[in-house]
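Hi everyone, thanks for making time. I'd like to walk you through some charged pairs today, so let's bring the structure up.

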Amino acid sequence: MFPGARAFPEGELTLMKEDPQENEKSAAASVLGPGAVPIVLRVNGETHPLLVEPRTTLAEALRGSLGLTGTKIACNQGACSACSVWLDDLVVASCSILAIEVGERRITTIEGLAAGGRLHPVQEAFIAHDAVQCGFCTPGLVMSCAALLAGNPHPGEAEIQTAISGHLCRCGTYPHVVQAILALADAKGD
Amino acid sequence: MEAFQWQQARSPAEAAALVTQTTAEAMLTLQGTPSAQQAILVKAGGVDMLDLMKEGLVNPRRLVDISRLAELQGISREGDDSLRIGALTTLAQIAAHPGLRQSHAALAQAAAMAASPQIRNRATLGGNLLQRPRCWYLRSAAHHCLRKGGGHCFAFAGDNRYHAIFANHGCAIVHPSTPATALLAFHAQVELLHPQGQRRQVPLEDFFVLPEADMHRENILAAGEILTAVWLPPQIQTNRSIYLQVAEREAFDWPLAAVAVVVDLDAAGLCQRASIVLGAVAPAPWRARQAEALLTGATINGKTAEAAGEAALAGATPLAQNAYKLPLLATLVRRAVLAAAALPQDPRAS
């Protein structure tokens, strides 16, 4: 569990309030925190009420409060993309976004890709093409590749390389990742 | 990251009234004292702000979030054919904008080469222009450097391979913005909203501050001012532009050297105007005036492009470890001038 992120306990809402002194002074938009603040996150089609401090990143809230540990934190500064998730339809680094600023936007994590007990085609292609070694960067890479295919069912090699250009993989799986997605792009009938 | 308060601004004016310091001011500390948790700072995409906060380089009492303000988003064509880019427009939106890719190709190219897809989806143009430099001594909490209010620049005797080769007296940061190189080549202006409600437009050239003028800031933004938009003046229809950079990694990396070139050619192929701006080599985007003068009124060919590349180096004062940037720049300028004029690269010269 990360500091500042925890599951939402029943009846604790009353403890969490805005700072009345600050709000009186500004007579403006509410001042929240620095203690935990109630928010609602929409993750993988489910709605989760949570308590988070303003400093809690989305990656920390996902992994800590919600137990969605498929999203990995590696560099924690937006330089490796291991923590990639979808914010609505955009791939973003969840370590570089605060949970409190997500608002009504939909979050999709690696746990939300499989549907009806079946892996997402990108996950199947990663397995078929041995695009995984240690696996730490893999959830992020899968999120980038699935987002690419959602917007462009038949990407070429250069487009795939651009789509995964933010990811660091110390095992060097890049060529197998590109092969996996190229195979998928060719196989798609539409 | 230290705890802080959160406030979502409902308008740019409200944010301007709430914010007490610029990020640069909040990073200034006396020798050896940790930064006090007093400032109320503005946050847009938050990419750089969260980095600085995680490193403990800035420790605000409160963040005022402007990232959801609709009036600061988007690209619009204004009455006189100027383009207005809202400060919260993301680098990804700029890179993908069909109109910009036509009329301001170098800007779209520069935005596409900055950072990673994940960061481009969040990083705003305003935040990109206002991010703090990437000098590793500035970014290290263990080094109390000149730019943070200390008494010493560590780069001169230290590892200065990525530092400035122009205007590097006293402090040798390079300006970290990739789009800024292209924006300056298009003579862009920034729109600033004052806490009292006035708006002013400042040419980008006058917005940036060199170390010799003030070591503690990269721009003239005042406390409480909000950068609300970037304006691009109308372009001559026939303008051609290109942005090129060299970096250690092609996938995504900070450039070692970069150039944006805009040329206006007349029907006879004569260069009416040349705008040549260098990136990652000076504390601000660096206009190569001698190279511009050399091309103005000239025919662009392999010879004049090569001469422009050499002229772009005028006034350089490289440090112990970064003289390698000189040939990189000369080559980039030559290639960019030829490409902007849609001429083939001369294989004998490369």
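Which residue does the side chain of B:Glu205 meet in a salt bridge? The partner is B:Arg287, with an N to O distance of 3.2 Å. Please keep in mind that we are looking at a predicted model. B:Glu205 sits in helix 10 of chain B and B:Arg287 in strand 12, residues 286–287, so this pair ties together parts that are 82 residues apart in sequence.

Now let's move to B:Glu218, which has a relative accessibility of 3% and counts as buried because the cut-off is under 20%. B:Glu218 forms a salt bridge with B:Arg132, where the closest N and O atoms are 2.7 Å apart. B:Arg132 lies in the loop between helix 8 (125–130) and helix 9 (178–185), and B:Glu218 in the loop between helix 10 (204–207) and strand 8 (226–232), so parts 86 residues apart in sequence are tied together. B:Arg132 is buried as well, at 2%.

B:Glu218 also pairs with B:Arg147, with the closest N and O atoms 2.6 Å apart. B:Arg147 is in the loop between helix 8 and helix 9 of chain B, 71 residues away from B:Glu218. At 1% relative accessibility, B:Arg147 counts as buried too.

Note on methods: Residues are numbered from 1 along each chain as its sequence is written. Chains are lettered from A and ligands numbered from 1 in the order in which they are written. This is a predicted model: local features need pLDDT of at least 70, side-chain atom pairs count only at pLDDT 80 or more; totals for chains, interfaces and linings use all residues. Side-chain values use heavy atoms; hydrogens and water are left out. A salt bridge is a side-chain nitrogen of Lys or Arg within 4 Å of a carboxyl oxygen of Asp or Glu. Helices (H or I, at least four residues) and strands (E, at least two) are DSSP runs, numbered from the N terminus. Buried means under 20% relative accessible area, exposed over 50%, partly exposed in between (1.4 Å probe, protein chains only).
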